[in-house]
Amino acid sequence: GWGARPVGCFRARLLILMATKKGWGARSATVLLLSNVFLCVDGLSVDFLKSGARPLASPEARGLLPRMVATVPTMPAQSEDGEDCPGPTFDKAISQPDPIPEEGRARAMELMESGALFRYSPGFLSETSLAEADMVDYTGFKYSVGFNSCGSALFIGLKVAGVQPGDKVLANAFSFTAVPSAIHHAGAEPVYVESTNGYTMCAEDLRAKLDAAQAEGSPIKFLMLTHMRGKVADMDTIHDLAEERGVTVVEDCAHALGIQWRGVQLGRRASVACYSTQSAKVINSGEGGFFCTDDEEMAARAYCYAGCYEQLYNQHVVSPPAAVFDRVKRQTPNYSLRMSDLAAACVRPQITNIEQRIARYNEMYERITSQIADVPEFDIPPY
């Protein structure tokens, strides 16, 4: 009801905890969890798993393990005792990523044939630099920096925002482990803000946490706001509150590329926003992420942290001025967190077709949720 444009729960990966008849409930949970890494226990016998006679690292065991290119895992329509499963059932892996478009596969082959996988290969126009420019065009930010993961981008987002060891950073109580881990990586301490029934940050509890810290004489000055599974909080209230209290916002938009708030890409109001291209996200490059900002010094420092040294900034397509790099590079360590050009080659064609895929994901989400809306064991969060 707040004007957000959703992306449908990423191919119907619903936020569900389901308990049913004995035998089915445990098995369904196992297969659902394993489907997130594209494995299914149906490929191995229970006796094999229990016996312990053949270690899973042995060649014999590896030959029996299901592979990514094997048939798609399926879920049984009956429980282990032969009873029919209650309600709708899934017959394929619901978290299988989209394939890389032909254009990306062809470009990746060209790069492998040339050997130019490093984003700063001399004499090559970098795919990572081009992907950064594509992200700038799509999101509306002035600058974008490619990283080896969104977790790395979040860590650097905190660093360039001014987080120091021992600082406290407000964060969603419901998020993924990479988010508080990025806070830990920066030497800071997460302070968790409660969630609404829609799995988003509760603005009232955020205010309460800020008030409590202020009353203790140690105001909190940083907020990492996560849009878990693409669900959007009351953004106006949260950002207004942050501005009122002098809180710097780093937005974890790992799940939110293509999601809009009042017609604008999520993250645009934050000092830094970070987007993921890990396989379970709207863009699939296996691993990867982008750090986005309008601040030229933050962008230059992020480039240097990622691994831009000497005058490699001259190879960027969209970049802060050289004078800004020269000002910050001697005070910024190189953590070697760069995106590879192989990942960027996978990213670029998916930015081009993202709007078509968003429409398809939303259609799939609506189709699935309409079929389970009346099943009492399912809790479907609101947009």
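Start by selecting strand E2, residues 143-147: five of its five residues are buried, so the strand is largely enclosed by the rest of the structure. Keep in mind that this is a predicted model.

Show the side chains of E2. In a regular strand the side chains alternate between the two faces of the sheet. On one side of E2 are Tyr 143, Val 145 and Phe 147, and on the other are Ser 144 and Gly 146; both faces are covered.

E2 and E10 run antiparallel and are joined by five bridges. To see one of these pairings, pick Ser 144, whose bridge partner in E10 is Cys 292.

From E10 (289-293), step back into the loop that links it with strand E9 (272-276) and select Ile 283. Is Ile 283 buried or exposed? Its relative accessibility is 0%, so Ile 283 counts as buried. Beyond its neighbours within four places in sequence, Ile 283 has contacts that include Leu 257, Ser 276, Gln 350, Ile 351 and Arg 357.

Now select helix H13 (residues 341-352) together with helix H5 (residues 102-114); their axes lie 8 Å apart at an angle of about 160 degrees. H5 is therefore roughly antiparallel to H13. The crossing of H5 past H13 is right-handed. For the contact itself, display Glu 103, Gly 104, Arg 107, Ala 108, Leu 111 and Met 112 in H5, and Asp 341, Leu 342, Ala 345 and Pro 349 in H13. By class, six residues in this contact are nonpolar, one is polar and three are charged.

Conventions:
Residues numbered from 1 in each chain as written. Predicted model: local features only at pLDDT ≥ 70, side-chain atom pairs only at ≥ 80, totals over all residues. Heavy atoms only, no water. Helix = DSSP H or I, 4+ residues; strand = E, 2+ residues; numbered from the N terminus. Buried < 20%, exposed > 50% of the residue type's maximum accessible area, 1.4 Å probe, protein only. Contact = heavy atoms within 4.5 Å. Axes fitted to C-alpha atoms, helices over the stretch in contact; angles between N-to-C directions. Parallel < 35°, antiparallel > 145°, perpendicular 65-115°, else oblique. Left-handed = near helix turned anticlockwise from the far one by under 90°. Nonpolar A, V, L, I, M, F, W, Y, C, P; charged D, E, K, R; others polar. Pairing = 2+ DSSP bridges.
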